[in-house]
Amino acid sequence: MNLAIIGTGYVGLTTGTCFAEVGHHVVCVDNDEAKVQALQQGQMPIYEPDLEEMIVANVSAGRLSFTTDLASAVRECEIVFIAVPTPPHEDGSVDLSYIEGVSREIADALTPEIGYRIVVDKSTVPVSTGVKVYQVIERYANKGVDVDVVSNPEFLREGCAVHDLLNPDRIVIGADSQRAMDMMKRVYQPFSAPIVEVDLASAELIKHAANSFLALKISYINAVSAVCEKAGADVELVAMGIGLDKRISRHFLNAGLGYGGSCFPKDVKGFINVSEQLGAPLELLREVERVNKAQLERFLSRIRKKLWVLRKKKIAVWGLAFKQNTDDVRESVAIKLIRRLCEEGARVVAYDPKAAVTGARALEGCNVTIADDMYECVRDAEVLVVATEWKQFAMANLVKVRELMRLPIIFDGRNILHGDNAVHAGFEYHSIGRKTLRPDSE
Ligand code: NAD
């Protein structure tokens, strides 16, 4: 099938590439000329494992191309996916101006002669957006165009997006027309995953409700971690004990610095906002947000308590990305943490394997040094903070780290180091929801 993807970011680029991988002909459209040019020259705008090789293979097989020409993509492709940003407004409501703008551009490109078209919303949007997209198209397109609007939310996880797209748990298709549903099922025929066929509004709600539930799970275990710290219990053992219950599952029960990234914070806000507008406010999610904020504050106050004064202290931070295996720093808790440490006068040196460039951009105006090497990062530091759960941090040579640092203190904000190894190397090891370990308590 001929598919167009409007918006060539983390979702659009990976989705388009995976559609090409299973045999569709895909045109990825973006209004960022520099990005399109770079992609046409084989340069990657983002880091996502396995994506680059797959793009190269599908471009050379003639199944994948990049353009800024939205109108010609709409003319050539029977299905047009929208994957543009839906950022939050100040009040938590979702900024739908990108969606509206693209809908108008699609409307301008539609004519009765090109035949039936399906416009698919892949961006995460509040319930009822699909209806609005249809109204925009109806209002601005030539009379007599034949179009349906479908919701097909995306559940990929950055850092393993290629795997997730090729092996989805489920595919959600929300359509109020059987013709559109049947064509969408053909798009997903090559993927062996259950298809959840629902109406437009339910599909839109599934995405907001799913992300909010995952954020809730994270906040739940983080709230439990605070209790564990007071009670002298171990949150990792508690998570294991409850996670083995199949009704609960161990996934997303990792205590840490809280959730960040481009999705959870904005989707929780968006869901709260839409629920309030509909008169069924999800107060529960306000608590999820409160716990998430409190987690970073508690961690910062523990660092402050240990170091007494942060001014002029050299603090090494491992991690800038919002999670491992990505260069994405949008709403990253690591970035928030570094900003706070800098505001209090600490001299921060940070390292991230893939997010050095995006991280430095996000920290502009902040007195922070970005190191090229994780060991150089810790040289003469008075404390090491682990802020992102990269595997290479978990595998670090802690004896070497200890030799390079000025003081032997680690604050592990992601519970990824082996506490025993840290203590064995001579560190005082602070983590989330667990007792502090000290060499003399070995
Ligand atoms: P992104 O910012 O990485 O990419 C969006 C792209 O759209 C950019 O390249 C931008 O240049 C382009 N764009 C903006 N306006 C355009 C226009 N008028 N015409 C053509 N291109 C335009 O965003 P993303 O992370 O890919 O997210 C896109 C949507 O998918 C959001 O609604 C997000 O909530 C949702 N989503 C994201 C993820 C994720 O993990 N990132 C997962 C699931 C769903």
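**View 1. Glu158, Asp328 and Arg330 join in a network of salt bridges.** A salt bridge here is a side-chain nitrogen of Lys or Arg within 4 Å of a carboxyl oxygen of Asp or Glu. By this rule, the count comes to 21 salt bridges. The model is predicted: local features need pLDDT of at least 70, side-chain atom pairs count only at pLDDT 80 or more, and totals for chains, interfaces and linings use all residues. Residues are numbered from 1 along each chain as its sequence is written, and side-chain values use heavy atoms, leaving out hydrogens and water.

View 2. On Asp30, a side-chain N or O atom is 2.6 Å from an oxygen atom of the ligand. Thr124 takes part through its backbone, with a polar atom 2.9 Å from a ligand oxygen.

**View 3. Lys122 and Glu154 form a salt bridge.** Their side chains meet at 2.9 Å, N to O. Lys122 is in the loop between β5 (117-121) and α6 (129-140), and Glu154 is in the loop between β6 (147-151) and α7 (161-166), so the pair ties together parts 32 residues apart in sequence. Helices (H or I, at least four residues) and strands (E, at least two) are DSSP runs, numbered from the N terminus. Are these two residues buried or exposed? Both Lys122 and Glu154 are buried, meaning under 20% relative accessible area (1.4 Å probe, protein chains only).

Terms used: A polar contact is a pair of N or O atoms within 3.5 Å; within protein, one must be able to donate a hydrogen and the other to accept it, and residues adjacent in sequence count only if both atoms are side-chain atoms. Buried means under 20% relative accessible area, exposed over 50%, partly exposed in between (1.4 Å probe, protein chains only).
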